Amino acid sequence: NIVERIKVIWPDTTFYVFGPLFSSQELVDYVKGKKLFDGIVISEIESVIIDIIEKQDVKSISGLYYLNMHGSYVCDKPDRKLVDMEKLPFLAYELVDYKKIDRFIIQTSRGCPKACNYCPYYLAQGNMFRAMSPGRVVDEMRNLSENFEARYVLIHDAIFSLDKKRVIELCDLLIKEKLNIEWECETHMLHLDARLIRLMYDAGNRKINFGVESANEEVLKRANRKFRNWDRINKNIRVCKTLGVKTTAFFILALPGETVKGVYATIKLARELAPDACHF
């Protein structure tokens with residue numbers, strides 16, 4: 001509705017729409033039906049935005065549906081192009097009133113091979129894991145520290161510790177750099193152990209967020225959630241409590257296959273695991 005009103009003011013302006021949800025064909029088809037936008041971008045926007053701005057020939061751009069003269073959307077190169085994480089510029093926090101925020105958010109990796117079918121990470125980023133190098137992550141955090149006086153950072157990755165070697169190298173660099181930044185991350189308990197948690201703590205980690213989702217076996221099966229090692233989660237939480245690392249566990253109620261009995265089992269599991277916080 002907003003774009004329709006804007007186009008009345010600037011009828012000769014070209015309009016493109018993009019976003020992570022356009023990896024969903026259902027949403028692409030919905031927007032196609034409106035015939036409102038000159039282009040629909042399904043590639044990650046950072047990978048094609050310069051080409052869109054500078055190129056006259058939109059046909060050569062990967063993952064771009066363009067509206068042709070016959071009123072139909074055409075995509076000559078349908079492969080979704082992913083961004084090179086290493087080449088992303090520093091986040092432009094100077095463009096916002098950053099002194100009003102309680103934490104700075106960065107993203108050091110994208111993609112999740114776990115492919116739980118309810119997960120927005122998988123839908124938006126696909127299953128191919130790609131990440132910044134440890135040195136590039138430290139550069140980002142140093143920039144936040146030196147130019148924005150950042151003292152707390154949320155690393156908003158789907159599975160921060162998926163590449164254990166990368167995390168170890170990153171933590172070693174952070175310990176060496178002494179940036180005076182505390183940070184939190186979101187990750188998967190399968191990719192954490194006591195030794196890594198302690199190293200992350202030494203590097204400034206003060207909070208770990210992770211998914212548990214459900215105690216209902218039928219729900220987990222339908223959701224393609226393979227990890228059900230409650231003992232592993234329990235041990236990792238105990239390690240965190242010993243160190244003073246806060247933990248937040250994520251749960252989902254009423255996924256397909258859910259029952260009232262299953263809901264109570266999930267609540268019981270949350271109480272038994274006893275993280276510092278639970279999000280339902």
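**View 1. Lys-35 is partly exposed, with a relative accessibility of 47%.** The model is predicted, with local features needing pLDDT of at least 70 and side-chain atom pairs pLDDT 80 or more, while totals for chains, interfaces and linings use all residues. Residues are numbered from 1 along each chain as its sequence is written, and side-chain values use heavy atoms, with hydrogens and water left out. Lys-35 sits in the loop between helix 2 (25-34) and strand 2 (39-41). Helices (H or I, at least four residues) and strands (E, at least two) are DSSP runs, numbered from the N terminus. The phi angle of Lys-35 is positive, about 50°, although the residue is not a glycine.

**View 2. Asn-224 and Asn-117 lie in two loops that come into contact.** Asn-224 belongs to the loop between helix 8 (217-222) and helix 9 (230-243). Its phi is near 60°, a positive value in a residue other than glycine. With a relative accessible area of 30%, Asn-224 is partly exposed. Asn-117 is found in the loop between strand 6 and helix 4 (120-125), and this residue is also partly exposed, at 49%. Leaving aside neighbours within four places in sequence, Asn-117 is in contact with Arg-222, Ala-223 and Asn-224 (contact means heavy atoms within 4.5 Å). Asn-117 and Ala-223 are 106 residues apart along the chain, yet their C-alpha atoms are separated by 5.3 Å.

**View 3. Glu-46 and Arg-110 meet in a salt bridge.** A salt bridge is a side-chain nitrogen of Lys or Arg within 4 Å of a carboxyl oxygen of Asp or Glu. For this pair the N to O distance is 2.7 Å. Glu-46 lies in helix 3 (residues 45-54) and Arg-110 in strand 6 (residues 109-110), so the bridge ties together parts that are 64 residues apart in sequence. Arg-110 is buried, with a relative accessible area of 9%, whereas Glu-46 is partly exposed, at 35%. Both residues belong to a network of salt bridges that also links Glu-44 and Arg-130. In the whole structure, a search finds 15 salt bridges.

**View 4. Asp-139 forms a salt bridge with Arg-142, and Lys-100 forms one with Asp-97.** The side chains of Asp-139 and Arg-142 meet at 2.8 Å, N to O. These two residues are three apart in helix 5 (residues 134-148), which separates them by about one helical turn. Asp-139 is partly exposed at 31% relative accessibility, and Arg-142 is partly exposed at 22%. In the other pair, the closest N and O atoms of Lys-100 and Asp-97 are 3.7 Å apart. Lys-100 counts as exposed, at 71% relative accessibility, while Asp-97 is partly exposed, at 45%.

**View 5. The largest nonpolar core has 46 residues.** A nonpolar core is a set of buried Ala, Val, Leu, Ile, Met, Phe, Trp, Tyr and Cys residues joined through side-chain atoms within 4.5 Å. The members that touch the most other members are Met-141, Val-153, Trp-183, Met-200 and Ile-208. Helix 5 supplies the largest share of this core, five residues. Not counting residues up to four places away in sequence, Met-141 touches Ile-106, Val-153, Leu-174, Leu-179, Ile-181 and Trp-183. Another core, of 13 residues, lies apart from this one, and its members include Val-3, Phe-15, Val-17 and Phe-22.

**View 6. Strand 11 pairs with strand 10 and with strand 12.** Two strands pair if DSSP finds at least two bridges between them. Strand 10 (residues 205-213) and strand 11 (residues 246-251) run in the parallel sense and share six bridges. Glu-213 has Phe-251 of strand 11 as its bridge partner. Strand 11 and strand 12 (residues 277-279) are likewise paired in the parallel sense, over three bridges. Here Ala-249 stands opposite Cys-278 in strand 12.

**View 7. A nonpolar patch on the surface is formed by Leu-253, Val-260, Tyr-264, Ile-267 and Phe-280.** Patches are made of residues with over 30% relative accessible area and no salt bridge, where like charges are joined within 9 Å and nonpolar side chains (Val, Leu, Ile, Met, Phe, Trp, Tyr) within 5 Å. Together the five residues have about 520 Å² of accessible area (Shrake-Rupley method with a 1.4 Å probe; for residues, only the protein chains shown count as cover). Tyr-264 is part of helix 10 (residues 260-273). This tyrosine is exposed, with a relative accessible area of 58%.

Conventions: Buried < 20%, exposed > 50% of the residue type's maximum accessible area, 1.4 Å probe, protein only.
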